[in-house]
Amino acid sequence: MMREFDLNIERVLENWTVAHALREVIANALDEQALTGTAEPQIFRDAEDRWHVRDWGRGLRYEHLTQNENKEKLAYPDKVVGKFGVGLKDALATFDRHRVAVVIRSRHGDITTGKQAKHGFADIKTLHALTEREVEEAKGLFLRYSGDEELGVTPFGSVLRRAHARARARIYVNGLRVAEEDNFLFSYNITSPTAALRRALNRERSNVGRSAYTDRVKSILLACDQDEVIDALVADLQKYERGTWHDETQWLDVGLHACRQLNARRQVIFLTAFELSYAADFVQRARDDGYEIIIVPETIRRKLPSLRDALGNPIRDLDRYRDEWQDSFRFTFIDPGDLSAAERAVWDALPRIFAARGGRPGHVKDVRVSETMRLMEGRYQEAVGVWEPGDGRIIVKRTQLQSLPKFAGTVLHELSHALSGAPDVSLEFEQQLTEELGGHPRGHHRQLALATGRPEPRPRPRLRSRRHYTLMLARIMTGPYTGLYGDHPDYGSKGADRRTRRSGRPRTRPLHHHPQRPRRCHAHLGCRV
(Lines give C-alpha, C1' and ligand atoms only; values in the text may rest on other atoms or scores of the structure.)
Protein backbone atom coordinates (compact mmCIF):
# COMPACT_ATOMS: atom_id res chain seq x y z
CA MET A 1 0.00 0.00 0.00
CA MET A 2 1.37 3.43 -0.97
CA ARG A 3 1.38 6.23 1.62
CA GLU A 4 2.10 9.90 1.01
CA PHE A 5 4.47 11.80 3.30
CA ASP A 6 4.73 15.57 2.91
CA LEU A 7 8.32 16.77 2.99
CA ASN A 8 7.09 20.37 2.89
CA ILE A 9 9.87 21.55 0.60
CA GLU A 10 9.73 23.85 -2.35
CA ARG A 11 12.46 26.14 -3.63
CA VAL A 12 15.25 25.53 -1.15
CA LEU A 13 19.04 25.56 -1.60
CA GLU A 14 18.84 26.66 -5.22
CA ASN A 15 22.63 26.83 -5.44
CA TRP A 16 22.89 23.09 -4.87
CA THR A 17 23.81 20.98 -7.86
CA VAL A 18 23.05 17.31 -8.42
CA ALA A 19 26.55 16.56 -7.09
CA HIS A 20 25.67 18.26 -3.78
CA ALA A 21 22.55 16.12 -3.52
CA LEU A 22 24.52 12.95 -4.25
CA ARG A 23 26.97 14.01 -1.55
CA GLU A 24 24.22 13.75 1.06
CA VAL A 25 23.14 10.32 -0.14
CA ILE A 26 26.72 9.02 -0.07
CA ALA A 27 27.34 10.65 3.34
CA ASN A 28 24.27 8.91 4.74
CA ALA A 29 25.55 5.54 3.49
CA LEU A 30 29.05 6.14 4.92
CA ASP A 31 27.61 7.20 8.29
CA GLU A 32 25.57 4.00 8.47
CA GLN A 33 28.65 1.94 7.65
CA ALA A 34 30.65 3.72 10.39
CA LEU A 35 27.92 3.21 13.00
CA THR A 36 27.16 -0.44 12.24
CA GLY A 37 30.56 -1.71 11.15
CA THR A 38 29.07 -3.21 8.00
CA ALA A 39 30.69 -3.55 4.58
CA GLU A 40 31.76 -0.51 2.58
CA PRO A 41 28.99 1.10 0.51
CA GLN A 42 28.89 0.49 -3.23
CA ILE A 43 28.40 3.11 -5.96
CA PHE A 44 27.73 1.62 -9.41
CA ARG A 45 25.70 1.94 -12.62
CA ASP A 46 23.48 -0.90 -13.84
CA ALA A 47 22.74 -2.13 -17.35
CA GLU A 48 19.81 0.28 -17.68
CA ASP A 49 22.08 3.27 -17.03
CA ARG A 50 20.72 3.84 -13.52
CA TRP A 51 23.05 4.76 -10.66
CA HIS A 52 22.92 2.99 -7.30
CA VAL A 53 24.28 3.94 -3.87
CA ARG A 54 24.00 0.86 -1.68
CA ASP A 55 24.91 0.32 1.95
CA TRP A 56 24.45 -2.74 4.16
CA GLY A 57 22.97 -1.01 7.17
CA ARG A 58 19.67 -1.17 9.00
CA GLY A 59 17.53 0.47 6.34
CA LEU A 60 15.91 3.90 6.00
CA ARG A 61 12.52 4.82 7.44
CA TYR A 62 10.43 7.76 6.36
CA GLU A 63 10.81 9.19 9.88
CA HIS A 64 14.49 9.78 9.07
CA LEU A 65 13.41 12.53 6.67
CA THR A 66 12.09 14.72 9.47
CA GLN A 67 14.28 17.55 10.70
CA ASN A 68 15.09 16.10 14.11
CA GLU A 69 18.46 15.54 15.73
CA ASN A 70 19.72 11.99 15.40
CA LYS A 71 20.73 11.02 18.95
CA GLU A 72 22.82 8.12 17.74
CA LYS A 73 24.87 10.33 15.45
CA LEU A 74 25.22 12.99 18.13
CA ALA A 75 26.77 10.34 20.39
CA TYR A 76 29.55 9.67 17.83
CA PRO A 77 30.48 13.08 16.36
CA ASP A 78 33.98 11.88 15.45
CA LYS A 79 32.67 9.10 13.24
CA VAL A 80 29.81 10.62 11.27
CA VAL A 81 28.99 13.72 9.28
CA GLY A 82 25.22 14.04 9.60
CA LYS A 83 23.25 15.10 12.69
CA PHE A 84 19.87 16.00 11.25
CA GLY A 85 17.55 14.53 8.65
CA VAL A 86 17.74 17.79 6.77
CA GLY A 87 20.67 16.69 4.56
CA LEU A 88 18.84 13.82 2.89
CA LYS A 89 15.65 15.85 2.75
CA ASP A 90 17.45 18.66 0.91
CA ALA A 91 19.03 16.12 -1.41
CA LEU A 92 15.60 14.82 -2.44
CA ALA A 93 14.41 18.38 -3.05
CA THR A 94 17.48 19.09 -5.20
CA PHE A 95 16.95 15.91 -7.24
CA ASP A 96 13.33 16.93 -7.79
CA ARG A 97 14.31 20.43 -8.90
CA HIS A 98 16.78 18.98 -11.42
CA ARG A 99 14.14 16.45 -12.59
CA VAL A 100 16.11 13.42 -11.40
CA ALA A 101 14.02 10.44 -10.34
CA VAL A 102 14.98 8.85 -7.02
CA VAL A 103 13.91 5.53 -5.48
CA ILE A 104 14.99 4.64 -1.94
CA ARG A 105 14.72 0.91 -1.35
CA SER A 106 14.80 -0.33 2.24
CA ARG A 107 13.74 -3.38 4.20
CA HIS A 108 11.14 -1.06 5.68
CA GLY A 109 9.71 -0.10 2.30
CA ASP A 110 10.44 1.89 -0.85
CA ILE A 111 10.42 5.70 -0.89
CA THR A 112 9.98 7.77 -4.05
CA THR A 113 9.53 11.48 -4.57
CA GLY A 114 6.90 13.37 -6.43
CA LYS A 115 5.32 16.79 -6.58
CA GLN A 116 1.70 17.15 -5.53
CA ALA A 117 -0.33 19.45 -7.71
CA LYS A 118 -1.85 22.47 -5.95
CA HIS A 119 -4.53 25.02 -6.74
CA GLY A 120 -6.16 22.65 -9.18
CA PHE A 121 -3.14 22.53 -11.52
CA ALA A 122 -1.40 19.39 -12.70
CA ASP A 123 2.31 19.88 -13.38
CA ILE A 124 3.94 17.70 -15.99
CA LYS A 125 7.69 17.08 -15.34
CA THR A 126 10.25 15.40 -17.55
CA LEU A 127 12.80 13.32 -15.63
CA HIS A 128 16.50 13.30 -16.56
CA ALA A 129 19.07 10.63 -15.85
CA LEU A 130 22.27 11.24 -13.88
CA THR A 131 25.49 11.69 -15.82
CA GLU A 132 28.77 10.01 -14.89
CA ARG A 133 30.38 13.44 -14.48
CA GLU A 134 27.85 14.35 -11.77
CA VAL A 135 28.45 11.09 -9.96
CA GLU A 136 32.24 11.50 -10.07
CA GLU A 137 31.91 15.09 -8.89
CA ALA A 138 29.87 13.91 -5.91
CA LYS A 139 32.34 11.13 -5.08
CA GLY A 140 35.19 13.67 -5.24
CA LEU A 141 33.69 15.41 -2.21
CA PHE A 142 34.71 12.43 -0.06
CA LEU A 143 38.21 11.56 1.07
CA ARG A 144 37.46 7.88 0.51
CA TYR A 145 37.03 8.40 -3.22
CA SER A 146 39.38 11.35 -3.80
CA GLY A 147 42.64 9.42 -3.85
CA ASP A 148 44.44 11.89 -1.53
CA GLU A 149 47.51 10.24 0.00
CA GLU A 150 47.81 10.17 3.79
CA LEU A 151 51.20 11.38 5.12
CA GLY A 152 50.65 11.32 8.87
CA VAL A 153 47.98 10.43 11.41
CA THR A 154 47.38 12.16 14.76
CA PRO A 155 44.61 12.01 17.40
CA PHE A 156 43.12 15.15 15.85
CA GLY A 157 43.18 14.10 12.22
CA SER A 158 45.54 13.36 9.36
CA VAL A 159 47.86 15.26 7.04
CA LEU A 160 47.28 14.59 3.35
CA ARG A 161 49.45 15.20 0.32
CA ARG A 162 48.06 17.67 -2.18
CA ALA A 163 47.25 16.06 -5.51
CA HIS A 164 49.83 18.29 -7.26
CA ALA A 165 51.49 21.66 -6.73
CA ARG A 166 48.76 23.65 -8.48
CA ALA A 167 45.84 21.79 -6.95
CA ARG A 168 43.92 23.46 -4.16
CA ALA A 169 44.36 21.99 -0.70
CA ARG A 170 41.26 20.29 0.69
CA ILE A 171 39.84 20.40 4.19
CA TYR A 172 37.82 17.35 5.19
CA VAL A 173 35.79 16.74 8.33
CA ASN A 174 35.38 13.03 8.99
CA GLY A 175 36.10 12.39 5.34
CA LEU A 176 33.69 14.98 3.88
CA ARG A 177 35.19 17.97 2.09
CA VAL A 178 34.01 21.23 3.63
CA ALA A 179 36.48 23.79 2.24
CA GLU A 180 39.42 24.34 -0.10
CA GLU A 181 42.55 26.46 0.39
CA ASP A 182 44.73 28.05 -2.29
CA ASN A 183 47.87 28.56 -0.18
CA PHE A 184 47.98 25.56 2.18
CA LEU A 185 50.97 23.24 2.01
CA PHE A 186 48.91 20.12 2.81
CA SER A 187 45.34 18.92 2.78
CA TYR A 188 43.80 17.80 6.08
CA ASN A 189 41.16 15.41 7.34
CA ILE A 190 39.84 16.53 10.73
CA THR A 191 38.54 13.55 12.67
CA SER A 192 38.10 15.30 16.01
CA PRO A 193 36.24 18.53 15.23
CA THR A 194 36.03 21.26 17.84
CA ALA A 195 32.73 22.61 19.07
CA ALA A 196 33.26 25.75 17.00
CA LEU A 197 33.85 23.68 13.88
CA ARG A 198 30.75 21.58 14.48
CA ARG A 199 28.72 24.78 14.80
CA ALA A 200 30.25 26.12 11.58
CA LEU A 201 29.26 23.06 9.58
CA ASN A 202 26.31 24.81 8.00
CA ARG A 203 23.38 23.27 6.26
CA GLU A 204 25.33 23.01 3.04
CA ARG A 205 28.48 21.66 4.74
CA SER A 206 30.64 23.46 2.19
CA ASN A 207 32.69 26.66 2.09
CA VAL A 208 33.25 26.62 5.85
CA GLY A 209 35.28 29.65 6.94
CA ARG A 210 38.97 29.20 7.81
CA SER A 211 38.54 30.51 11.35
CA ALA A 212 36.42 27.45 12.13
CA TYR A 213 39.13 24.89 11.39
CA THR A 214 42.45 26.76 11.83
CA ASP A 215 42.94 25.67 15.45
CA ARG A 216 42.35 22.03 14.57
CA VAL A 217 44.74 22.17 11.62
CA LYS A 218 47.40 23.59 13.95
CA SER A 219 46.73 20.80 16.43
CA ILE A 220 47.20 18.22 13.69
CA LEU A 221 50.53 19.71 12.60
CA LEU A 222 51.85 20.14 16.16
CA ALA A 223 51.05 16.49 16.92
CA CYS A 224 52.56 15.19 13.68
CA ASP A 225 56.15 13.95 13.74
CA GLN A 226 56.40 12.07 10.43
CA ASP A 227 59.66 12.80 8.61
CA GLU A 228 58.03 13.69 5.31
CA VAL A 229 55.76 16.27 6.93
CA ILE A 230 58.57 17.85 8.99
CA ASP A 231 60.94 18.00 6.00
CA ALA A 232 58.25 19.66 3.89
CA LEU A 233 57.55 22.26 6.61
CA VAL A 234 61.24 23.12 7.02
CA ALA A 235 61.77 23.34 3.26
CA ASP A 236 58.79 25.67 3.03
CA LEU A 237 60.14 27.84 5.88
CA GLN A 238 63.17 28.68 3.77
CA LYS A 239 60.97 30.16 1.04
CA TYR A 240 59.93 33.10 3.21
CA GLU A 241 62.46 35.48 1.64
CA ARG A 242 60.97 34.90 -1.81
CA GLY A 243 57.45 35.25 -0.41
CA THR A 244 56.43 31.82 -1.72
CA TRP A 245 55.96 30.04 1.62
CA HIS A 246 52.57 28.62 2.56
CA ASP A 247 50.15 29.73 5.23
CA GLU A 248 50.88 26.95 7.74
CA THR A 249 54.58 27.81 8.04
CA GLN A 250 53.69 31.44 8.69
CA TRP A 251 52.08 30.32 11.96
CA LEU A 252 54.84 30.79 14.56
CA ASP A 253 54.05 27.72 16.66
CA VAL A 254 54.03 25.47 13.59
CA GLY A 255 57.39 26.83 12.40
CA LEU A 256 58.94 26.30 15.83
CA HIS A 257 57.55 22.76 15.96
CA ALA A 258 59.23 21.96 12.64
CA CYS A 259 62.56 23.30 13.94
CA ARG A 260 62.30 21.27 17.16
CA GLN A 261 61.61 18.07 15.26
CA LEU A 262 64.35 18.66 12.70
CA ASN A 263 66.97 19.48 15.35
CA ALA A 264 66.27 16.10 16.97
CA ARG A 265 66.72 14.24 13.68
CA ARG A 266 69.70 15.80 11.89
CA GLN A 267 72.82 17.89 12.43
CA VAL A 268 71.45 21.32 11.57
CA ILE A 269 72.15 24.95 12.40
CA PHE A 270 69.36 27.52 12.25
CA LEU A 271 70.24 31.05 11.20
CA THR A 272 68.77 34.05 9.41
CA ALA A 273 69.64 35.29 5.94
CA PHE A 274 71.52 38.21 7.53
CA GLU A 275 73.67 35.85 9.61
CA LEU A 276 74.40 33.82 6.48
CA SER A 277 75.88 36.87 4.75
CA TYR A 278 77.49 38.40 7.85
CA ALA A 279 79.28 35.22 8.96
CA ALA A 280 79.77 33.56 5.57
CA ASP A 281 83.23 32.15 6.37
CA PHE A 282 82.11 30.74 9.71
CA VAL A 283 78.99 29.23 8.13
CA GLN A 284 81.18 27.53 5.53
CA ARG A 285 83.25 26.10 8.38
CA ALA A 286 80.03 24.66 9.85
CA ARG A 287 79.18 23.09 6.48
CA ASP A 288 82.65 21.57 6.33
CA ASP A 289 81.99 20.07 9.77
CA GLY A 290 78.93 18.28 8.34
CA TYR A 291 76.14 20.60 9.53
CA GLU A 292 73.12 21.41 7.38
CA ILE A 293 72.27 25.12 7.22
CA ILE A 294 68.59 26.00 7.70
CA ILE A 295 67.49 29.58 6.97
CA VAL A 296 64.57 30.74 9.13
CA PRO A 297 62.75 34.07 9.63
CA GLU A 298 63.93 36.39 12.38
CA THR A 299 60.70 35.81 14.35
CA ILE A 300 61.57 32.12 14.69
CA ARG A 301 65.30 32.71 15.19
CA ARG A 302 64.63 34.84 18.28
CA LYS A 303 62.65 32.05 19.95
CA LEU A 304 65.07 29.18 19.32
CA PRO A 305 67.67 29.81 22.09
CA SER A 306 65.04 29.24 24.79
CA LEU A 307 63.65 26.02 23.27
CA ARG A 308 64.64 22.37 23.33
CA ASP A 309 64.06 19.84 20.61
CA ALA A 310 61.91 16.71 20.71
CA LEU A 311 64.70 14.80 22.50
CA GLY A 312 65.27 17.50 25.12
CA ASN A 313 68.48 18.89 23.59
CA PRO A 314 69.10 22.63 23.07
CA ILE A 315 68.34 23.82 19.56
CA ARG A 316 71.53 24.75 17.74
CA ASP A 317 71.59 28.25 16.29
CA LEU A 318 74.71 30.05 15.06
CA ASP A 319 75.58 31.40 18.52
CA ARG A 320 75.37 27.95 20.10
CA TYR A 321 77.54 26.46 17.37
CA ARG A 322 80.09 29.23 17.94
CA ASP A 323 80.16 28.46 21.68
CA GLU A 324 80.55 24.74 20.97
CA TRP A 325 83.34 25.50 18.52
CA GLN A 326 85.12 27.69 21.04
CA ASP A 327 84.86 25.02 23.74
CA SER A 328 86.36 22.38 21.47
CA PHE A 329 89.10 24.63 20.06
CA ARG A 330 92.75 23.67 20.45
CA PHE A 331 95.77 25.80 19.52
CA THR A 332 98.29 24.45 17.02
CA PHE A 333 101.53 25.97 18.28
CA ILE A 334 104.48 26.56 15.96
CA ASP A 335 108.04 26.13 17.18
CA PRO A 336 110.22 29.13 16.23
CA GLY A 337 112.60 26.70 14.53
CA ASP A 338 109.82 25.73 12.08
CA LEU A 339 109.20 29.30 10.89
CA SER A 340 110.31 30.50 7.50
CA ALA A 341 113.29 32.82 7.23
CA ALA A 342 111.05 35.89 6.76
CA GLU A 343 108.80 34.89 9.66
CA ARG A 344 111.80 34.20 11.90
CA ALA A 345 113.18 37.69 11.16
CA VAL A 346 109.91 39.22 12.40
CA TRP A 347 109.78 36.90 15.42
CA ASP A 348 113.33 37.84 16.45
CA ALA A 349 112.18 41.47 16.83
CA LEU A 350 110.10 40.52 19.90
CA PRO A 351 112.77 41.55 22.48
CA ARG A 352 113.12 44.96 20.76
CA ILE A 353 109.33 45.47 20.88
CA PHE A 354 109.30 44.84 24.64
CA ALA A 355 112.33 47.07 25.11
CA ALA A 356 110.71 49.89 23.16
CA ARG A 357 107.77 50.01 25.58
CA GLY A 358 109.92 49.74 28.68
CA GLY A 359 110.39 45.99 29.06
CA ARG A 360 108.26 42.88 29.44
CA PRO A 361 105.73 43.00 32.31
CA GLY A 362 106.45 40.44 35.01
CA HIS A 363 103.17 38.53 34.69
CA VAL A 364 103.60 38.06 30.93
CA LYS A 365 105.53 34.79 31.05
CA ASP A 366 105.50 33.72 27.43
CA VAL A 367 104.61 34.67 23.85
CA ARG A 368 103.65 31.83 21.45
CA VAL A 369 102.73 31.57 17.77
CA SER A 370 99.77 29.40 16.69
CA GLU A 371 98.60 28.23 13.28
CA THR A 372 94.97 28.28 14.55
CA MET A 373 93.19 30.95 16.56
CA ARG A 374 90.05 31.39 18.63
CA LEU A 375 87.13 33.50 17.49
CA MET A 376 86.82 37.05 18.69
CA GLU A 377 84.52 37.43 21.68
CA GLY A 378 80.90 37.63 20.55
CA ARG A 379 81.84 37.54 16.86
CA TYR A 380 82.29 34.97 14.12
CA GLN A 381 85.74 36.01 12.86
CA GLU A 382 89.07 34.70 14.11
CA ALA A 383 91.16 36.93 16.32
CA VAL A 384 94.79 37.66 15.45
CA GLY A 385 95.95 37.39 19.03
CA VAL A 386 94.74 36.49 22.52
CA TRP A 387 95.87 37.03 26.11
CA GLU A 388 95.45 34.03 28.40
CA PRO A 389 95.67 35.29 32.00
CA GLY A 390 95.55 31.78 33.48
CA ASP A 391 98.76 30.77 31.74
CA GLY A 392 100.24 34.26 31.62
CA ARG A 393 100.92 34.09 27.89
CA ILE A 394 100.21 35.99 24.69
CA ILE A 395 99.32 33.91 21.63
CA VAL A 396 99.72 35.47 18.17
CA LYS A 397 98.34 34.01 14.97
CA ARG A 398 101.01 32.99 12.49
CA THR A 399 99.64 35.24 9.76
CA GLN A 400 100.74 38.27 11.80
CA LEU A 401 104.38 37.34 11.15
CA GLN A 402 103.95 38.50 7.56
CA SER A 403 105.14 41.97 8.60
CA LEU A 404 106.80 43.53 11.64
CA PRO A 405 104.17 46.29 12.10
CA LYS A 406 101.35 43.69 12.23
CA PHE A 407 103.24 41.55 14.72
CA ALA A 408 104.24 44.49 16.94
CA GLY A 409 100.72 45.94 16.89
CA THR A 410 99.21 42.58 17.92
CA VAL A 411 101.73 42.14 20.75
CA LEU A 412 101.10 45.66 22.10
CA HIS A 413 97.34 45.17 21.81
CA GLU A 414 97.47 41.97 23.88
CA LEU A 415 99.85 43.63 26.34
CA SER A 416 97.15 46.24 26.95
CA HIS A 417 94.74 43.44 27.84
CA ALA A 418 97.34 41.90 30.15
CA LEU A 419 98.02 45.18 31.96
CA SER A 420 94.42 46.44 32.18
CA GLY A 421 92.70 43.10 32.75
CA ALA A 422 89.80 44.45 30.69
CA PRO A 423 88.17 43.34 27.40
CA ASP A 424 88.00 45.25 24.13
CA VAL A 425 85.83 48.38 23.86
CA SER A 426 86.11 49.17 27.55
CA LEU A 427 87.34 52.35 29.17
CA GLU A 428 90.16 50.65 31.08
CA PHE A 429 91.47 48.85 28.00
CA GLU A 430 91.32 51.96 25.81
CA GLN A 431 93.19 53.95 28.42
CA GLN A 432 95.91 51.31 28.65
CA LEU A 433 96.15 51.03 24.87
CA THR A 434 96.47 54.80 24.64
CA GLU A 435 99.22 54.62 27.25
CA GLU A 436 101.07 51.96 25.26
CA LEU A 437 100.79 53.78 21.93
CA GLY A 438 100.79 57.43 22.87
CA GLY A 439 101.78 57.97 26.47
CA HIS A 440 105.51 57.21 26.50
CA PRO A 441 108.33 59.73 26.51
CA ARG A 442 109.82 60.91 23.27
CA GLY A 443 112.69 58.45 23.52
CA HIS A 444 110.35 55.51 23.75
CA HIS A 445 108.60 56.66 20.56
CA ARG A 446 111.91 56.60 18.80
CA GLN A 447 112.74 53.12 20.12
CA LEU A 448 109.28 51.81 19.13
CA ALA A 449 109.70 53.24 15.64
CA LEU A 450 113.07 51.54 15.30
CA ALA A 451 111.60 48.22 16.55
CA THR A 452 108.64 48.18 14.17
CA GLY A 453 110.19 49.86 11.16
CA ARG A 454 107.50 52.57 11.11
CA PRO A 455 108.12 56.34 11.05
CA GLU A 456 108.41 57.94 14.46
CA PRO A 457 104.91 59.01 15.55
CA ARG A 458 104.10 62.53 16.62
CA PRO A 459 103.93 62.81 20.40
CA ARG A 460 100.38 62.86 21.72
CA PRO A 461 99.38 65.07 24.63
CA ARG A 462 98.24 63.32 27.77
CA LEU A 463 94.51 63.36 28.39
CA ARG A 464 93.52 66.31 30.55
CA SER A 465 90.53 64.66 32.24
CA ARG A 466 88.09 61.78 32.12
CA ARG A 467 85.65 64.03 30.26
CA HIS A 468 88.32 64.84 27.69
CA TYR A 469 88.95 61.14 27.14
CA THR A 470 85.23 60.40 26.92
CA LEU A 471 84.77 62.99 24.18
CA MET A 472 87.76 61.69 22.25
CA LEU A 473 86.59 58.07 22.45
CA ALA A 474 83.03 59.04 21.49
CA ARG A 475 84.40 60.89 18.45
CA ILE A 476 86.31 57.77 17.40
CA MET A 477 83.39 55.42 17.92
CA THR A 478 80.36 57.37 16.70
CA GLY A 479 81.61 60.27 14.60
CA PRO A 480 82.16 63.98 15.21
CA TYR A 481 80.32 65.55 18.13
CA THR A 482 79.90 69.24 18.73
CA GLY A 483 79.09 68.92 22.41
CA LEU A 484 78.85 66.40 25.19
CA TYR A 485 75.35 65.36 24.03
CA GLY A 486 76.08 65.33 20.30
CA ASP A 487 73.89 68.31 19.36
CA HIS A 488 73.55 69.25 15.74
CA PRO A 489 75.30 72.56 14.96
CA ASP A 490 71.99 74.10 13.90
CA TYR A 491 70.60 73.71 17.42
CA GLY A 492 71.58 75.41 20.58
CA SER A 493 72.08 73.75 23.94
CA LYS A 494 69.75 75.94 25.95
CA GLY A 495 66.08 75.59 26.66
CA ALA A 496 63.96 72.97 28.37
CA ASP A 497 63.55 70.84 25.22
CA ARG A 498 66.95 71.73 23.69
CA ARG A 499 65.26 72.72 20.42
CA THR A 500 66.05 76.44 20.42
CA ARG A 501 67.32 77.46 17.00
CA ARG A 502 70.44 79.56 16.91
CA SER A 503 69.70 83.11 15.96
CA GLY A 504 69.93 83.85 12.26
CA ARG A 505 70.41 80.20 11.22
CA PRO A 506 67.51 78.31 9.59
CA ARG A 507 66.56 74.85 10.78
CA THR A 508 67.69 72.48 8.06
CA ARG A 509 65.76 69.37 9.15
CA PRO A 510 63.64 68.11 12.03
CA LEU A 511 65.58 67.28 15.14
CA HIS A 512 64.56 63.62 15.20
CA HIS A 513 65.95 63.11 11.66
CA HIS A 514 69.51 63.73 12.78
CA PRO A 515 71.51 60.50 12.62
CA GLN A 516 72.99 61.12 16.08
CA ARG A 517 69.51 61.10 17.63
CA PRO A 518 68.17 59.63 19.82
CA ARG A 519 70.83 59.90 22.47
CA ARG A 520 72.65 56.68 23.10
CA CYS A 521 73.87 55.42 26.43
CA HIS A 522 77.41 54.07 26.25
CA ALA A 523 77.49 52.16 29.51
CA HIS A 524 81.17 51.33 29.14
CA LEU A 525 81.98 55.08 29.06
CA GLY A 526 80.14 55.77 32.28
CA CYS A 527 78.14 58.61 30.73
CA ARG A 528 75.65 59.51 27.99
CA VAL A 529 76.92 60.65 24.63
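Student: Which residue of S15 is the bridge partner of tryptophan 387?

Tutor: The bridge partner of tryptophan 387 in S15 is isoleucine 394. This is a predicted model, in which local features need pLDDT of at least 70 and side-chain atom pairs count only at pLDDT 80 or more, while totals for chains, interfaces and linings use all residues. Residues are numbered from 1 along each chain as its sequence is written, and side-chain values use heavy atoms, with hydrogens and water left out.

Student: Why are S14 and strand S15 called paired?

Tutor: Two strands pair if DSSP finds at least two bridges between them; S14 and S15 (residues 393-397) have four bridges, in the antiparallel sense, and therefore meet that definition. Strands themselves are DSSP runs of E with at least two residues, and helices are runs of H or I with at least four, both numbered from the N terminus.

Student: What makes S12 and S14 the edges of their sheet?

Tutor: The open sheet of four strands has the order S12-S13-S15-S14, with mixed pairing. Strand S12 (333-334) and strand S14 (385-388) each have a single partner strand, so one side of each is left without a neighbour in the sheet.

Student: How is the span of helix H16 judged against the expected one?

Tutor: The expected span is 1.5 Å times one less than the number of residues. Helix H16 (residues 404-420) has 17 residues and reaches 24 Å from its first C-alpha to its last, close to the 24 Å expected.

Student: What caps the N-terminal end of H16?

Tutor: Serine 403 does, with a side-chain oxygen 3.4 Å from the backbone nitrogen of lysine 406. Just after H16, glycine 421 takes a positive phi of about 70 degrees.

Student: Why is serine 416 called buried?

Tutor: Buried means under 20% relative accessible area, exposed over 50% and partly exposed in between, with a 1.4 Å probe and protein chains only. Serine 416 has a relative accessible area of 0%, and is therefore buried. Its place is in helix H16, where the buried residues also include Phe407, Val411 and Leu415.

Student: Which residues are in contact with serine 416, leaving aside its neighbours within four places in sequence?

Tutor: Contact means heavy atoms within 4.5 Å, and serine 416 is in contact with Gly421, Phe429, Gln432, Leu433 and Glu436.

Student: What share of the residues in the chain is buried?

Tutor: Buried residues make up 42% of the 529 residues, in a chain whose secondary structure comes to 19 helices and 17 strands.

How values were computed:
Polar contact = N/O pair within 3.5 Å; in protein donor to acceptor, adjacent residues only side chain to side chain.
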